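Visitor: I'm new to this one. Could you show me how to read a few of its features?

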Amino acid sequence: MKRILFCLCLVGSLRHSWAQCTFTTSEFHLEGDYVIGGLFDIHHDSTPVLHDKPEAVLCSSKRFVLSSYRRFQLMRFSVAEINHSSQLLPNVSLGYEIFDHCSDVQNFPGILKLISFNDLIQPWGESDNSVSKLIAVVGTYTSTEARTVAPLFMTNLIPMVSYGAASSIFSRKQNFPSFLRTVHPNEDVIQVIVRLVRHFAWRWVAFLNIDDDYGNDGLALFIKNIKDTEICLAYTKGLNYNTDYSPVFRQIESHGIHTIIVFAPEWTAEALIKSAIQQNVTDKVWIAGDAWSLNKKLPKEKGIRSIGTILGVAEQAVAIPGFNEFIDASKNRTCHENAEQQMFCNQVCNCSWISAKDIIDADPSFNFPVYSAVYAVAHALHSALECGAGTCKGNITKYPHMVLAELRKSNFTLLNRSFEFNENGDPKYGSYAIVLWNHQGEAEEVGIHEFHPSSFHFYINSSKILWHTNGKVPTSLCSQQCKVGYAKKHEGIHKCCFTCEICPNGTYVNITDDPYKCIRCKETEWSEPGSTSCRLREVEYVPYTDIGAILIMVSAWVFVGLTLATSLLFAINYNTPVVRSAGGPMCFLILGCLKLCTVSAFFYFDKPTISFCVLRFLPFILFYTVCLACFVVRSFQIVCIFKIAAKFPKLHSWWMKYHGQWLVITAAFATQAVLLLINLSSYPPNTYNDTFWYPDKIVLGCVNSFLVSSMSTVFLGVLCSLCFIFSYMGKDLPKNYNEAKALTFCLFLLTFTWIVYSTVSMLYRGKYLQILSALAILSSVYSFLLLYFLPKCYIIIFQSYKNTQQYFQSLIQNYTKTISQ
């Protein structure tokens, strides 16, 4: 609103300027029942000048833009074609009022002329006496120009259909309610550029943009679209009319960038490319935005091949039938126009030097958007006037906002292309071409990107692209890609700059999910160094069918058979001296407990469970405690009978009276049972999967609390020590009573067995440790059977003469004589 009031205040000050810049021409004006305004930058004012007072710019004195002049002629052609149509707006003539809009901020006289009626501006007036013929405006070309003038048209909801303003800001209907456009917004163009960059795996790029609404919007959208991609924006620079390109190219070269995106209008791109040629910039891939990708002059510039390969994103070229003939006729007719016709400021071109061929061969960019913009307005007016059956209702007063309502509902076909606006006033359908500037100096189409309601179609024919790198697709990377199995490690702020580190064993890298992280494998998996996936570990345990397990179980059953046979033999010869000296009834307790100890050996095989883990050590420890207690008592009794009885008769008497041997055995059993019960209830054993010792295997086993195993083991150690002490004290006893020697040897073998087992278990943690554990149990029980009971069985069976009372008494008498001497 402030801008409008400011412009109104300028009207008086600018009157003198208007009077000075009127010229004779008719290309900018055509009478009609309804008028469409046109804003085309036929000339371009690139150097802003500071003024001491308000002053309108004289566009004809500025740089001429041939491509814009072609678009200007295309609007004239579109209106002429519609006026000659019997289907669209029958009996209704369209006129136009076109202005050369060459400046962002100094072209207000033309804008004010469009929105005024009889030199009066009534922003909110709809009086029947002051209805303007203006129904819509086609233009402007640039986003900055559109953003400057659009609020003046938005006030009265005059439709403004732009053919080139692509900034995202115009999609905000709360700010620009009557703004529509026939060109795709920057968002679509940037998406195509990002797809192009990703297609050729360019990761390290520069983005050079015009420093205005159009360019800055493109930069913001590019940063947004590459956020979750592998593309890094290595360098960016906003360009303007006085940019020094030397430091720009030095920065690009120092960063090692080989792909440069140029998002700027053709006049800025021309200055940039010419500077690159002059400064000998080579071996780059240049990606042109749709504003200059179809430039006709630059592809033929001397030295253009030296700077590298130029690809571009462009509106697909659409041949407009009859346009060339219109240009030929128009150029011939212009010389005979009425010289007395006075036109308004910036409605002059002085373009008589331009030939029809120059116009026809000019850059065709945004030609179809101009053509479709005029037709969109015409179709909207056709609907507003309720045209049909060869006529339109002429008695209906139509205001611009009524045409706007119909514009929003546009749905027509033009040159076999469907056309609609979405809710933001942007075109729904269309396509972009991927073009290559070939060696003939032409923009050759090598790919396409089509917009569909629900998806996109992107295709590039790479075989058509002649790269500057001898046919090989050039690269643009900050760091070379890592080898397979290597993870990236960041260097600096850019994700594209990194070093490569091999993932150690037990980890892998998934470059799809996260190329910067070595992911640890699950416990059930393993991997070698430099892996990209994990493999399942081999689960190891000793099944019952294993040959080692079979041998252990057979040995256990053999042991059970031998103990049964020994028990039977001892039972038959129960009253003989050998059995009595071996312990008498205590022998059967020892043999029974040894049999029960072998139960543990059967539970070291197959997949372990909690019950298996308990049974692996509970029977052995509990019943082996009884065995050791029996041997402690037995060795103590031997020493007591032969040595202590004479010196301590009362102790011997008490021992015999109260059956001290059974009290000790019971106490030992109860103590061990209590220890096991307390510790098992507090820290029950559990199964575990050992994944530490072998990277590719899972060894199934049991884990026991250190407290449980240590307390029970210490108690067993105490019993072993007592047994060893007592047996050693009786090493010189008579031969037939000398069980002490056998016990000592048994204890040495027992100690050696568990030392070997402990040493091996610290060095080896494979599945065969279970067999070794079962073997240690069998060795422990076999040592007592073979070294203590077997010699006695041999005497009973093969040396029965030694198993007599007389033989034992003679041995005792000889021992008594020996110690008395």
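Guide: Happy to. Keep in mind that this is a predicted model. Let's start with a charge and a ring: Arg-417 lies over the face of Phe-368, at 5.8 Å from the ring centre. Another such case is Arg-71, whose charged end sits 4.3 Å from the centre of the Tyr-141 ring, over that ring.

Visitor: Which cluster do ring pairs link Tyr-141 into?

Guide: One that also holds Phe-28, Phe-40, Phe-64, Tyr-69, Phe-72, Tyr-163, Trp-267, Trp-353 and Phe-366.

Visitor: How do I read a pair of rings?

Guide: Two things describe a pair of aromatic rings: how far apart the centres are and the angle of the planes. Here the count comes to 43 aromatic pairs. Take Phe-170 and Phe-179: their ring centres are 4.4 Å apart and their planes are at 15 degrees, so this pair is stacked. Both Phe-170 and Phe-179 are buried. Phe-603 and Phe-612, on the other hand, form an edge-to-face pair, with 5.2 Å from centre to centre and 85 degrees between the planes.

Visitor: And what should I look for in the backbone?

Guide: Most residues other than glycine have a negative phi, and most peptide bonds are trans. Leu-89 has a positive phi of about 50 degrees, and Asn-416 has one near 65 degrees. The peptide bond from Gly-139 to Thr-140 is cis, and Thr-140 is in the loop between strand 6 (134-138) and helix 4 (143-154).

Visitor: Is Leu-89 buried or exposed?

Guide: Leu-89 has a relative accessible area of 1%, so it is buried. Asn-416 is exposed, at 80% relative accessibility; its place is the loop between strand 14 (411-414) and strand 15 (417-420).

Technical notes
Residues numbered from 1 in each chain as written. Predicted model: local features only at pLDDT ≥ 70, side-chain atom pairs only at ≥ 80, totals over all residues. Heavy atoms only, no water. Phe/Tyr/Trp six-rings, centres within 6.5 Å; stacked < 30°, edge-to-face > 60°. Buried < 20%, exposed > 50% of the residue type's maximum accessible area, 1.4 Å probe, protein only. Lys NZ or Arg CZ within 6 Å of the ring centre and 35° of its normal. Helix = DSSP H or I, 4+ residues; strand = E, 2+ residues; numbered from the N terminus.
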